[in-house]
2 protein chains.
Amino acid sequence: MTTTERKAGAGALYGTLEVLILNSLKDHGTLHGLEIARLIRDRSEDVLQVEEGALYPALHRLERQGLIEGEWHISEKRRRARFYQITATGKKALRRELQDWIQHTDAVSKVLGLRKA
Amino acid sequence: MTTTERKAGAGALYGTLEVLILNSLKDHGTLHGLEIARLIRDRSEDVLQVEEGALYPALHRLERQGLIEGEWHISEKRRRARFYQITATGKKALRRELQDWIQHTDAVSKVLGLRKA
DNA sequence: TCGTTTACGTAAACAGTTTATGTAAACCAT
DNA sequence: ATGGTTTACATAAACTGTTTACGTAAACGA
């Protein structure tokens, strides 16, 4: 109530979602969409919320680009679900994107006068 | 030649430009647009490129929101330029945005299994 | 006087979110 | 068996903030 507005802003995940997905699959072999979303939420202690409207388009992009591969199977809860794995190309892309992310955040840190000066 | 394509990607600055501007003004008192852009480029050792098409809209947003204040003066090179200062509201917003940025990057770091586990 | 630099400005295209809905099947309780 | 909840995927519209590409105008130097 009162004025507990939640400004979503420009998108808290912007740019990072793809690395997060690729890395999750690299660490866990095979996961379906909602499992990936839960994993990211849990590992970030609820800081990163992966909305389904961002999740599925991202998975489709990555599969179209050949960075991940999906197959239809049955989930633990007995529903049909698409299980993804990272490909060799995906691992390469992941390494590159990890470096880019580190370089970018280090650069911002420098400008902001934070750690890693 | 060959294949030296430069993929700009989704927007290297996405989300961070506003904090970077506010912080620059907090550290340097008074600057005009291009000075801010140069400062960010230099301090990041050329990693962060602030395009004018992102810079000016951002400055206008911030001024409209009352986070910065601008005045027309003459620059060192004798051109008319808009000199900005951060406001009290801007400083508050900066503190909040700094915290958000740290929280966000720490969360991503955790999920990616990097430092600050 | 012509080309370059400084400084600001903006519009169109693009990308990746958020928000809101929808489908469908499985499960549970009544 | 029926109705409500959960699981899982899907997509469209709205939004935001970039990138790319121009355009203006004045100052400066050759």
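**Two chains and a DNA strand**

Modeller: Helix 3 of chain A gives the most to the surface near DNA strand C, with five residues. Helices here are DSSP runs of H or I with at least four residues, and strands are E runs of at least two, numbered from the N terminus. This is a predicted model, where local features need pLDDT of at least 70, side-chain atom pairs count only at pLDDT 80 or more, and totals for chains, interfaces and linings use all residues. Residues are numbered from 1 along each chain as its sequence is written, with chains lettered from A and ligands numbered from 1 in the order in which they are written.

Colleague: Nice, and how many residues surround DNA strand C?

Modeller: There are 30, and the closest include Gly11(A), Gly53(A) and Ser75(B). A residue counts as near if its C-beta atom, placed from the backbone, lies within 6 Å of the strand.

Colleague: Which elements of chain B give two or more residues there?

Modeller: Helix 2 (33–43), helix 3 (52–64) and strand 3 (80–86) of chain B.

Colleague: Switching topic: how many residues does each chain put into the contact?

Modeller: Chain A gives 22 and chain B gives 22, with contact meaning C-beta atoms, placed from the backbone, within 7 Å.

Colleague: And which helix has the largest share on the chain A side?

Modeller: Helix 4 of chain A, with nine residues.

Colleague: What rotation superposes chain A on chain B?

Modeller: One of 180°, with 0.0 Å of shift along its axis and an RMSD of 0.0 Å, fitted by least squares on C-alpha atoms of residues with pLDDT of at least 70 in both. That is how a two-fold axis relates copies.

Colleague: Which C-alpha of chain A is nearest the axis?

Modeller: That of Tyr14(A), 3.5 Å from the axis.

Methods. Two residues are in contact if their C-beta atoms, placed from the backbone, lie within 7 Å.
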